[in-house]
Amino acid sequence: MGNSSVTIYQVAQAAGVSISTVSLALNHPDRVSSATRDRIIGIAGELGYRPGATASERAKRRTGRIAVLAPFSSYETYRTRLIGILETFGPDDVEVVVLDSPSAAEASSPLLETLPVRGDVDGLLIMGVPLGEQGADRLRRWGPPTVLVDSVHPAFSTVAFNDEHAGYLIAAHLRDHGHERLGYLHEPQRSTDYVSPGQLRRRGFIRALGGDAHAVEELTLPHNTFDAARALAAEVASRSDRPTAVVAHHDVLAAGFLAGLRDAGLRAPADIAVAGFDDGPLAEALDLTTIRQHFADSGRRAAELLRSLIRSENQTASNTLLTPELIIRKTT
């Protein structure tokens, strides 16, 4: 987990940079060039530097805290998962450090590259953020016990949702109601270095529609917001070749699309069928067909896995695949 005698001064000297540059690389990685950041992180990991821990914590080799990294400001669902995590670690008197990251559709956060050498946590939960090989290698060599949620890597225990099967379920439902073309409403994916939940869902759509990729139209939003979905609905509504059904990446986007259809004088499902993903109170209020995910339960499962790893690190990586549930309501 780290060498309690290594200081930030030694890391700076070995890297040939100032102490302030080391601090920036570890705490504000976006403010340091990638080459300098990678060199500092690599040296810190090799030396076993553990920033942030007090002398007594270093002596005990436990800090009493874990870190949770997720796109909290982009998706409400990760805040719901956090509830399950807090419920699990609460009785253990463990402090949960919450770290926000960009949307899962963005490129990997630079912050993720620094987390493996942070010595101020006993464990790490990474939710909804793709883990590249460089980050995975650092975690394996120097990092605390780690569990992934909504992403998969063979070296780490994971709790993931079966997105491809979820896409198949909702597209098969629409197919059985006579829909041969559907639109997939989502934010753009800016990195092609990983397979996202959206890509997996699209695979499921295509499989349900007989393998025809042209049967799924990408309805790409400029922003991951209700207003962006509402504006795009007006454009789709004006088209003569519009899809007969639209599936949104999550229920808030589906709600925006429904509002835009209403503005254009169209109805769901009479003019366009609409479905979403997640199934929170919003979906129930709108009578929205959607895919149910048990977010708090997935947070609890991930937290239980991490707690077990912290207590006994010599465990084989395990994979928990959560089963989707189709909830059919009046919008389809």
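## Basis of the model

Helices (H or I, at least four residues) and strands (E, at least two) are DSSP runs, numbered from the N terminus. This is a predicted model, in which local features need pLDDT of at least 70, side-chain atom pairs count only at pLDDT 80 or more, and totals for chains, interfaces and linings use all residues. Residues are numbered from 1 along each chain as its sequence is written, and side-chain values use heavy atoms, with hydrogens and water left out.

Gln293 sits in the loop between strand 10 (289-292) and helix 13 (295-311). Its relative accessible area is 9%. That makes Gln293 buried (under 20% relative accessible area; exposed is over 50%, partly exposed in between; 1.4 Å probe, protein chains only).

Leaving aside residues up to four places away in sequence, Gln293 touches Arg81, Phe161, Arg201 and Asp278 (contact: heavy atoms within 4.5 Å).

## Salt bridges

The whole structure holds 18 salt bridges (a side-chain nitrogen of Lys or Arg within 4 Å of a carboxyl oxygen of Asp or Glu). One of them joins Asp163 to Arg201, with the closest N and O atoms 2.8 Å apart. Asp163 belongs to helix 8 (residues 163-176) and Arg201 to helix 9 (residues 197-208), so the pair ties together parts 38 residues apart in sequence. Asp163 is buried, at 5% relative accessible area. Arg201 is buried too, at 5%.

Glu217 pairs with Arg181 in a salt bridge, the closest N and O atoms being 3.1 Å apart. Glu217 is in strand 7 (residues 216-220) and Arg181 in the loop between helix 8 and strand 6 (182-186), so this pair ties together parts 36 residues apart in sequence. Asp263 and Arg230 also meet in a salt bridge (2.7 Å, N to O). Through salt bridges with shared partners, Arg181, Glu217, Arg239 and Asp241 form one network.

## Helix 3

The buried residues of helix 3 are Thr36, Arg37, Ile40, Ile41, Gly42, Ile43, Ala44 and Gly45. Just after helix 3, Gly48 adopts a positive phi of about 80°.
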